[in-house]
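Student: Hi! Could we go through this one together?
Tutor: Happy to, let's have a look.

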Amino acid sequence: TRNGIDFAVADLSLAEFGRKEIRLAEHEMPGLMALRREYAEVYPLRGARVSGSLHMTVQTAVLIETLVALGAEVRWCSCNIFSTQDHAAAAVVVGPHGTPEEPKGVPVYAWKGETLPEYWWATEKMMTWPDGGGPNMILDDGGDATLLVHKGVQYEKAGVVPAFSDDDPEEWGIILETLRDSLAADSGKWTRIAADIRGVTEETTTGVLRLYQLAAAGELLFPAINVNDSVTKSKFDNRYGIRHSLVDGINRGTDVLIGGKLAVVCGYGDVGKGSAESLRAQGGRVVVTEIDPICALQAAMDGYEVRSLDEVIEKADIVITTTGNKDVVTAAHMSRMKHQAILGNVGHFDNELDMAGLARWPGVRRINIKPQVDEWVFPDGHSIIVLSEGRLMNLGNATGHPSFVMSNSFSNQVIAQVELFTKHEEYDKEVYRLPKKLDEKVARIHLEALGGTLTKLTKEQAEYIDVDVDGPFKSEHYRY
Ligand code: NAI
């Protein structure tokens, strides 16, 4: 704690560099800056206590300071152990008007290269406010903050935290330990926190899946807005964002030439489409794997070969997973890969790659090349290069998606926060999407920033296609 602000970041002296990059990013984030102007005198988030778990990058710094500009109090942590940009974290703590000696910003618990116990400690700190209370809003990416509250409430109700079984992933043991400690210290903490929460806004496909599962089981404790499925989020960030940051991560991690190489992209959803496009643009020969015939056919129509991983694993130079599913690349697959082939994941969690199985492979050796790049050598002497230990490599090996595309995503986040915070009594404990009109508003701001000219419907044309002159321009079932 310094100047009344509690925090845990790598180095506050990085704040000046962080502030310079935040200043440049603000210009590239016209949606967030427009929302700051629109709400300049209204402060719709006054009284909001936002606990946020989302990659602590420069772009996220602009999001955090937008929430503050709208009146919110904010606490933050990252949603991934490798994704924090330490200068951004420092700048957010120091704030635009503070100094490292006298910070005036926002409490942040995030640094690049956390261990898993440190990650869950930071998440709990982010959820626990200095007065002992909790947030009244959550902003989540992947659902870990939401998970902590829901599991906390469940175990407080049961009066006991279940035992860890050998079949559970290692990380689950850490979550259970965190909650066992908190139950021992205060048996009503999460129940009290949950009661105050007006809602959660969720950033990504994987977190949204968890929310729909909770809602279907009747276990969701507060309303949720699915930000991911705003069109201006998933059809832009997931696709055009990864088109930028996937290759950025491969380059910074390995500097290997992609041209001419065989690159396999597992999954052809929004993230897969952007991944395949960027690898092909570098001259890679791209092969796609899919389980869904519709996405597989899309890949074929886009000119990619569609194969099973088993058919191509021995030939691949680069394998990238984008599925949001588990065990997509097994340790047995890894053992069959070419010498020095590159393996990376950009799906939300690391379980797309069986890293535990790789570590258990008889006789395997791990050589750390540099942070977030490891060579795994098999007993026969051949090796593979694994990026970011199987975690989101576009954030671990590079700096994630660039500002302009994140401005689209984060504009939806801010609008969703305002909506749930100010109108929470209109929402049930279910998962909602933002209205299309707001989606179109976010797109309009960014189109204008790019200097595009939008064609205006005439009244007659609008009547002919049965829409309003000012939108929404599409029906709910339109797929873009
Ligand atoms: P999506 O649902 O559009 O695409 C996933 C695709 O993977 C689907 O088409 C599905 O049929 C396919 N798939 C599932 N299991 C498979 C398997 N075993 N083999 C091959 N294909 C399989 O989801 P989206 O939006 O593309 O997101 C994918 C993941 O990426 C999620 O975990 C999401 O949270 C994450 N994400 C990561 C970002 C990043 O910056 N790295 C940005 C946005 C999302």
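Tutor: Let's begin with a proline: Pro472 sits in the segment that follows α19 (459-464). Keep in mind that this is a predicted model.

Student: Okay, and what kind of peptide bond joins Gly471 and Pro472?
Tutor: That bond is cis, with omega at about -5 degrees. In general, most peptide bonds are trans, and most residues other than glycine have a negative phi.

Student: Switching to the ligand. How many residues surround the ligand, and which are the closest?
Tutor: The ligand has 26 residues around it, and Thr204, Thr205, Thr206, Val271 and Glu290 are the closest.

Student: Nonpolar, polar or charged: how do the shell residues divide?
Tutor: There are 15 polar residues, seven nonpolar and four charged.

Student: Which helices supply at least two residues of that shell?
Tutor: Those are α9 (205-216), α10 (231-254) and α11 (270-281). Of the contributors, α10 gives the most, with three residues.

Student: What about Thr206, how far is its polar side-chain atom from an oxygen atom of the ligand?
Tutor: The distance there is 2.6 Å. Backbone atoms take part too: a polar backbone atom of Val346 is 2.9 Å from a nitrogen atom of the ligand, and a backbone N or O atom of His348 lies 2.9 Å from a ligand oxygen atom.

Student: And how much of the ligand's accessible area does the protein cover?
Tutor: The protein covers 85% of the 860 Å² that the ligand has on its own.

Student: New topic, the sheet. What is the strand order?
Tutor: Eight strands make an open sheet, ordered β9-β8-β7-β10-β11-β14-β13-β12, with mixed pairing.

Student: Why is one side of β9 and of β12 left without a neighbour?
Tutor: Because β9 (305-306) and β12 (365-370) stand at the edges of the sheet, each having a single partner strand.

Student: How do β11 and β14 run, parallel or antiparallel?
Tutor: Parallel: three bridges join β11 (residues 341-345) to β14 (residues 383-387). Ile342 stands opposite Ile385 in β14.

Student: Which strands does α10 touch?
Tutor: Packing on the sheet, α10 touches β10 (318-321), β11, β12, β13 (373-377) and β14. The direction of α10 makes about 125 degrees with that of β14. Recall that α10 also gives three residues to the shell around the ligand.

Notes
Residues are numbered from 1 along each chain as its sequence is written. This is a predicted model: local features need pLDDT of at least 70, side-chain atom pairs count only at pLDDT 80 or more; totals for chains, interfaces and linings use all residues. Side-chain values use heavy atoms; hydrogens and water are left out. A residue is near a molecule or strand if one of its heavy atoms lies within 4 Å of it. A polar contact is a pair of N or O atoms within 3.5 Å; within protein, one must be able to donate a hydrogen and the other to accept it, and residues adjacent in sequence count only if both atoms are side-chain atoms. Accessible areas come from the Shrake-Rupley method with a 1.4 Å probe; for residues, only the protein chains shown count as cover. Helices (H or I, at least four residues) and strands (E, at least two) are DSSP runs, numbered from the N terminus. Ala, Val, Leu, Ile, Met, Phe, Trp, Tyr, Cys and Pro count as nonpolar, Asp, Glu, Lys and Arg as charged, and the others, Gly among them, as polar. Two strands pair if DSSP finds at least two bridges between them. Contact means heavy atoms within 4.5 Å. Axes are lines fitted to C-alpha atoms, for helices over the stretch in contact, and angles run from 0 to 180 degrees between N-to-C directions.
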